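Thanks for coming, everyone. Please look at the structure on the screen while I talk.

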Amino acid sequence: RNPEIGVPVKCAEGVSKELERFVEIDPRWVCTEIHGITTYGPDGTHVTLTVEGSEVVGYVLERRLFDKFLAQNAARAGAEVRVKTQAYGVIKEGGYVKGVYVNSGGEDIRIRADVVVGADGVESRVGRWAGIDTTLRLADVCICAQYLMCGIEVKKNYCEMFFGEKISPRGYAWIFPKGEDSANVGIGISGDVSGENHRALDYLKAFVNAQFPDGKILAEIYGAVPVSGPVYDTVSNGLILVGDAARHVQPITGGGILEAMQGGAIAGDVIAKAVREKNVSKRRLMEYEKRWRREFGRVLEAGLKMKNILVNLNSQELTKFFQSFRGEVRVKEYSERAFLKELIKKNPKILFSLVRVIF
């Protein structure tokens, strides 16, 4: 619906090294190579996560350029890319989704398709139009505010995350470096604690005043992230949901770039086969649902359990949690699964409920 792909950016732009599974890294859309992640508890206790035998654990992207790169690849593969085109309904015939109604450059048109893919983010109107209840509780949405800042002192190759009720209730603050003296500085809070004078922006202003009182703000970014974990079917007759629309977001971090790419790849494969077979029923497209649940569904479930544990800890309990694995944590690979396993080892009593999900 926007006139330019990748704009506006609504992302902290951090992603793990697992991105290399899907694309060849191009320095043009990488701002910073990340060597580790440091998290801080309410009392300042910090933990730094690094990977054995690997200096780089992830990247901070320039999403404007990265998204354009993906769109160019799609176009070269045969996709028709349209900008300034907004869907406002789905075409339904005989219980099947058969396309979308869109407004393109001021003109109302119909686009017919064997399968419609809803990749429309946290709002997920496409799913709702098709009959899937995509509504979320406020507690299952993270409200975010972020500044792109310069003129600040940052840990150049380390992402930083700050936890604590006073900093960011039922969420966290982040500093993701984007150069020598610049970074994405943001706050995410649970939707059920957002209110007058307690908005994400209010907490962000307080955090920035404490951390970077002389920093310069170059851009302001606002948005919402679903942190519910998968809560409904992601397929229907002639329809597949991917990314945030499918709630394919890691609930503990709010990250979803990898899940969107992995889910998208699975969806493309399943749709291609279903179209060749001339069977795009929900039953046939359920292959997509089964495959993403098998490949990354359990990690999302573990992250949801972990999030629910952490957000219900008071400041004293959260401080004790961070103190239990203070210092440096080295894992054999950087992945959400590996990190969660390490947390379980350090906190076997608190996190026992995760064991069956993740192992």
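Start at glycine 179, which sits in the loop between S12 and S13. Helices (H or I, at least four residues) and strands (E, at least two) are DSSP runs, numbered from the N terminus. A word on the source: this is a predicted model, where local features need pLDDT of at least 70, side-chain atom pairs count only at pLDDT 80 or more, and totals for chains, interfaces and linings use all residues. Residues are numbered from 1 along each chain as its sequence is written, and side-chain values use heavy atoms, with hydrogens and water left out.

Is glycine 179 buried or exposed? Its relative accessibility is 18%, so glycine 179 counts as buried. Buried means under 20% relative accessible area, exposed over 50%, and partly exposed in between (1.4 Å probe, protein chains only). Which residues does glycine 179 contact, leaving aside neighbours within four places in sequence? They are Thr32 and Val154. Contact means heavy atoms within 4.5 Å. Cysteine 150 is 29 residues from glycine 179 in sequence, and 8.8 Å away in space, C-alpha to C-alpha.

Now the sheet. It is open, with 8 strands in the order S14-S10-S13-S12-S11-S3-S4-S17, and the pairing is mixed. Two strands pair if DSSP finds at least two bridges between them. The edges are strand S14 (216-226) and S17, each pairing on one side only. From one strand to the next, the twist averages 20°. S4 and S17 run parallel, joined by 5 bridges. Threonine 48 has glutamate 328 in S17 as its bridge partner.

Helix H3 (residues 200-211) packs on this sheet. H3 touches S10, S11, S12, strand S13 (183-190) and S14, and its direction makes about 35° with that of S10. Axes are lines fitted to C-alpha atoms, for helices over the stretch in contact, and angles run from 0 to 180 degrees between N-to-C directions.

Next, the cores. A nonpolar core is a set of buried Ala, Val, Leu, Ile, Met, Phe, Trp, Tyr and Cys residues joined through side-chain atoms within 4.5 Å. The largest has 29 residues, and Phe176, Leu310, Phe321 and Phe322 touch the most other members. Several elements supply at least two residues each, among them helix H5 (282-311) and helix H6 (315-323). A second, separate core has 20 residues, including Ala145, Val154, Ile189 and Ala200.

Last, helix H4. Its buried residues include Ile257, Met261, Ile266 and Val270. After H4 comes lysine 278, with a positive phi near 55°.
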